[in-house]
Amino acid sequence: PSPVFSCPLQDIRNTVGNIPMEWYQDFPHIGYNLDGKKIYKPIRNKDELDMFLEKMENPDYWRTVQDRMTGADVRLTDEQVQLVQRLQRGQFGDVHFNPYEPAVDFFTHEVMIHPVTNRPADKRSFIPSLLEKEKVSKLVHAIKMGWIKPRKPKDDSPTYYDLWAHEDPNSILGRHKMHVPAPKMKLPGHEESYNPPPEYLLSEEEKLAWEQQEAAERKLNFVPQRFGSLRQVPAYPRFIQERFERCLDLYLCPRQRKMRVNVDPEDLIPKLPKPRDLQPFPTTQALIYRGHSSLVRCLSISPSGQWLVSGSDDGTVRFWEVCTARCMKTLPVGGVVKSIAWNPNPTICLVAIGVEQSVLLVNPCLGDKLLYGATDQLLESYVAPEEERVQPVQWVTATTEEHSRGVRLVIQHSKAVKQVTWHGKGDYLASVVSDNSSMQVLIHQSSKRWSQSPFRRSKGLVQAVLFHPTRPYFFVATQRYVRVYNLLKQELTKKLMTNCKWVSSMAIHPGGDNIICGSYDSKLAWFDLDLSTRPYQLLRHHKRALRSVAFHRRYPLFASGSDDGSVIVCHGMVYNDLLQNPLLVPVKVLKGHVITLDLGVLDVLFHPTQPWIFSSGADGTVRLYT
Amino acid sequence: TIPRRLCILKGIYPHEPKHKKKVNKGSTAPRTFYLLKDIKFLLHEPIVNKFREYKVFVRKLRKAYGKSEWGTVDRLKDNKPTYKLDHIVKERYPTFIDALRDLDDALSMCFLFSTFPRTGKCHVQTIQLCRRLAVEFLNYVIASRSLRKVFLSIKGIYYQAEVLGQPITWITPYTFAHDHPTDVDYRVMATFTEFYTTLLGFVNFRLYHSLNLVYPPKIDGQADAELKPVEGKEYAMDSESYLEKLSALSASLARVVAPAHEDEVEMDEFPVEGETAEQMDTRKKEQEALEKHKKMFEGLRFFLNREVPREPLAFIIRCFGGQVSWDKSLCIGATYDASDPSITHHIIDRPRLEQQAVGRCYLQPQWVFDSVNAKMCLPVADYFPGVLLPPHLSPFVTEQEGDYVPPEKLKLLALQRGENPDEESEEEEEEDEEDDNDKEEEEDEDESEKEEEMKLKKMEEQKTQNNKALPVKVTAGKLRLEDKKRLEQEQQSEEKRLAIMMMKKREKYLYKKIMFGKKRKVREANKLAAKRKAHDTAVKEEKKKSKKARRA
């Protein structure tokens with residue numbers, strides 16, 4: 001039974017059905033024919049060259065396709081080729097089909113006398129619609145209630161017009177006067193140019209520094225760059241950010257009116273009398289007194305001005321002749337000399353030396369023999385009173401060995417002595433003990449060898465004490481205050497506030513109405529006792545702590561020595577009429593001392609008659625400036 | 001919290017309280033403080049209600065969209081609430097001058113926004129409006145010839161115009177696509193722009209009317225006819241092409257009243273009271289210089305090559321009375337061709353040009369900018385194409401005494417005063433001479449070195465002999481001459497130091513601060529000068545080397 005086909009011999013029908021033909025890839029056959037026999041794949045032994053030759057030679061190559069079911073080559077007939085071409089063109093497969101047949105309208109647009117349908121009209125076409133009524137009533141209600149508004153008329157006034165046509169001055173309100181206009185953006189400098197002068201470009205280090213800085217700290221918010229021509233300039237990447245930052249500044253930055261100080265700095269310098277007009281004062285270093293091996297803590301000078309005595313940490317007291325810088329005498333005392341004071345009475349030749357826990361009264365045996373002989377006699381003429389009085393200290397006469405060295409009397413305290421000072425008459429002397437009790441200050445009478453503690457209660461750590469040169473007043477400087485006591489009435493007369501943290505030293509004007517206080521916080525306070533209890537002036541001349549201050553006895557001069565190694569001499573004129581305030585003018589900065597162990601000048605002292613000043617320093621020297 | 005938008009529109013800013021601790025309950029932590037008065041002022045602003053309405057509108061619209069009620073959407077859109085900022089502008093700037101004073105930021109912002117792409121960073125209408133207003137302002141500046149200074153910086157181009165006596169400075173970015181940053185809140189910027197466009201519109205209106213120009217601007221009829229493109233060929237929309245024609249900046253604007261042709265009314269001079277003749281003279285001179293500056297490019301015909309930024313250059317040249325044109329394909333509004341023989345200056349920005357037309361200067365664009373800043377046409381020799389340009393200096397810097405002045409500025413000042421214009425060539429000659437001299441000197445130096453060596457040898461010999469003979473030597477004392485002047489100076493400085501010691505604490509602090517600032521300034525100036533010197537010597541040496549190499 002052979003199928004009815006035009007050429008039955010060639011007709012091989014595959015019976016595998018619609019399956020992917022890859023399944024037969026690895027088999028020699030490609031399927032089964034109607035009889036169930038295998039259909040073998042046609043032998044394909046053509047290589048590429050053969051294929052190419054066939055392509056070149058066979059005129060029907062282009063219309064030959066492979067039947068996938070059988071693997072045989074099939075040459076398409078002319079009709080088949082035409083069909084393919086028509087389909088490719090998007091035409092209908094059937095040649096005879098006409099897609100553009102004339103359309104025949106089923107209904108005409110003309111109104112005919114006969115209806116299309118003969119159905120009678122509905123009832124609802126005669127009665128008003130409820131639904132519509134509902135809708136309309138809803139709309140009416142909405143319009144009534146103002147929910148639906150009629151369309152707004154188009155606003156056809158011009159967008160821009162002359163807004164400032166009527167500038168009335170009344171419209172400038174208080175707000176505008178208070179308004180702080182935003183400052184304008186800073187105008188660009190040369191460095192922002194696309195082609196700046198070469199000096200404005202950053203060097204490598206500067207660029208590195210710029211990169212490491214915080215964005216807010218940078219002086220320029222861009223790196224200056226140089227481009228050879230305008231066409232090479234790129235867009236600035238931070239342009240939008242900068243505009244945005246400006247916007248933020250405009251509405252988020254607090255504004256404040258700031259008064260710019262526009263003064264000439266020269267005008268700020270006070271007009272003072274020239275130092276040249278205030279002479280005499282010490283100007284140059286004249287002599288250096290060498291001999292001490294350690295820092296020289298204290299200085300004192302004889303009332304005649306011929307002898308100088310200095311006490312040092314090396315445990316000696318040296319007596320110098322002022323004019324020659326010769327060391328006349330060395331007195332070993334076996335301890336750190338904290339304070340030294342020459343008796344201000346010119347008829348008595350006596351020096352009080354504060355060493356550790358005792359005060360030595362020494363007769364230096366210098367100068368007029370009559371004078372120091374008289375002093376010795378005065379001391380020996382002491383007759384002990386009948387009844388022993390209770391004293392806070394012990395008075396001991398010196399041993400013979402000590403006597404030969406000059407020591408006459410020893411006042412033994414219970415604690416280390418900080419300071420000794422004489423009363424102007426030369427009989428009384430006060431000593432300060434480093435103690436926290438009420439026994440800090442002691443007043444001794446040398447002729448009667450009698451001591452007393454003037455205060456019942458301690459008012460703080462006493463730093464320095466002073467006798468008023470003419471009147472019975474006694475000054476006690478604690479850390480922050482200076483108290484003035486009346487010795488006759490035995491009462492507190494004044495309390496001066498120094499405005500300093502820690503008073504180091506104190507000196508009194510020979511007139512007795514002015515006091516200066518040096519402090520460790522490098523301030524010098526000048527008090528006018530008649531004026532107020534606060535400093536008349538607080539001078540901050542020194543860079544470091546003040547160690548000592550001194551007044552000249554005759555000239556209107558005072559000086560301060562400090563840890564920064566300098567001595568500053570000031571002119572301090574006190575006028576006799578009460579209306580005029582003292583005139584303070586610094587006149588000279590004297591330098592010379594070498595700073596050792598962070599200490600510079602430890603004591604300053606004026607010559608009693610000449611405009612000379614002595615200073616002792618931590619470098620173990622005493623210097624004289626004239 | 002305070003509504004940000006309202007603050008921006010009303011110009012409310014925080015204040016720094018006088019006593020921060022008192023206000024901040026004892027703490028000094030940074031906080032912003034607004035004046036209570038300001039906030040109250042914000043509250044009864046009518047625009048607040050409009051904002052609320054708008055918020056409601058947006059909510060309703062969203063709801064309608066959600067429910068797909070298209071009818072409601074249409075109705076809502078028809079009744080979209082709008083608001084105007086006119087009264088706020090008037091309130092913030094009660095007088096026109098106030099508005100002009102605050103125009104800097106408005107202009108910069110508008111110019112920035114007009115360069116934005118229309119891709120949704122902000123509304124397209126805003127961008128268009130900004131562009132329109134910016135172009136209008138540029139046209140006004142051209143018409144009034146009020147541009148004074150221009151500056152090419154690496155950030156953009158700065159312009160400074162003087163409008164009614166107020167300097168107005170603005171910056172435009174270079175025309176490149178923006179790299180939109182992520183850390184910028186565009187809504188804030190848009191709010192600012194909203195206000196600024198309103199302000200700028202009103203200002204433009206007023207400015208145009210002050211010059212009798214039609215607002216919105218119209219191109220002068222005669223020029224318009226010339227500019228009209230062939231029917232429907234290039235541009236589809238007339239309205240768009242109109243703005244482009246305006247932005248071409250090449251045509252003059254129509255006036256309300258036809259201008260009386262070229263006869264400027266001579267201004268009567270009224271002597272101001274309390275003014276001396278000298279002051280009057282200087283004022284007059286200034287006026288004359290200004291007039292001259294305004295007409296700097298009059299009679300010159302420029303042509304811009306296509307690589308040159310067209311808009312800024314056209315704007316500048318037109319501002320100073322020059323005529324300008326460009327390639328037809330570049331932009332609308334070109335008035336003459338590149339081959340026009342009457343062109344005097346051809347602006348070009350390429351290293352080399354193959355064929356040069358005769359009778360015109362080929363110049364780099366910097367020449368235009370530098371000339372404007374110098375208030376005179378600078379010599380063209382330094383600005384030929386391919387030449388190393390002289391530095392472009394900022395016109396906004398006025399050096400005070402003690403500031404560093406770059407040598408180019410000094411040269412420019414000399415030029416302005418009318419001193420030796422061909423200093424350059426002389427200098428070069430001098431340099432050549434110097435070079436020669438140097439050579440001679442070098443030879444001399446060689447000789448002298450030899451001599452010195454001989455001397456040294458002798459000296460050494462002597463020394464050794466001396467050492468052998470006399471171990472101890474007495475040297476003659478030198479007579480020390482005391483310099484009186486120096487002594488005096490020292491004394492004065494000491495007096496000053498002592499006086500400074502006596503200053504009060506507060507004054508001393510102030511004095512020290514002022515002196516510190518002064519010293520820092522001097523230090524910076526010195527640093528710049530030293531840098532310049534080092535650079536100059538380096539350049540000179542390089543030159544010498546290259547010269548030698550060439551000779552060899």
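Predicted model: local features only at pLDDT ≥ 70, side-chain atom pairs only at ≥ 80, totals over all residues.
Residues are numbered from 1 along each chain as its sequence is written, and chains are lettered from A in the order in which they are written. Local features need pLDDT of at least 70, side-chain atom pairs count only at pLDDT 80 or more, totals for chains, interfaces and linings use all residues, and side-chain values use heavy atoms, without hydrogens and water.

**View 1. Interface of chain B and chain A.** Contact (heavy atoms within 4.5 Å) joins 116 residues of chain B to 95 residues of chain A. The two chains bury about 9,000 Å², 62% of it on carbon and sulfur atoms; buried area is the accessible area (1.4 Å probe) lost on putting two parts together, summed over both. In chain B, the most area is lost to chain A by I154(B), K155(B) and M502(B), together 10% of what that side buries.

**View 2. A salt bridge between the chains.** The rule (a side-chain nitrogen of Lys or Arg within 4 Å of a carboxyl oxygen of Asp or Glu) finds eleven salt bridges across the interface. One of these pairs K184(A) with D104(B), with 3.7 Å between the closest N and O atoms.

**View 3. Helix 10 of chain B.** Of its 25 residues, 19 are buried, that is, under 20% relative accessible area (1.4 Å probe, protein chains only). Just after helix 10, N212(B) has a positive phi of about 65°.

Methods. Buried < 20%, exposed > 50% of the residue type's maximum accessible area, 1.4 Å probe, protein only. Helix = DSSP H or I, 4+ residues; strand = E, 2+ residues; numbered from the N terminus.
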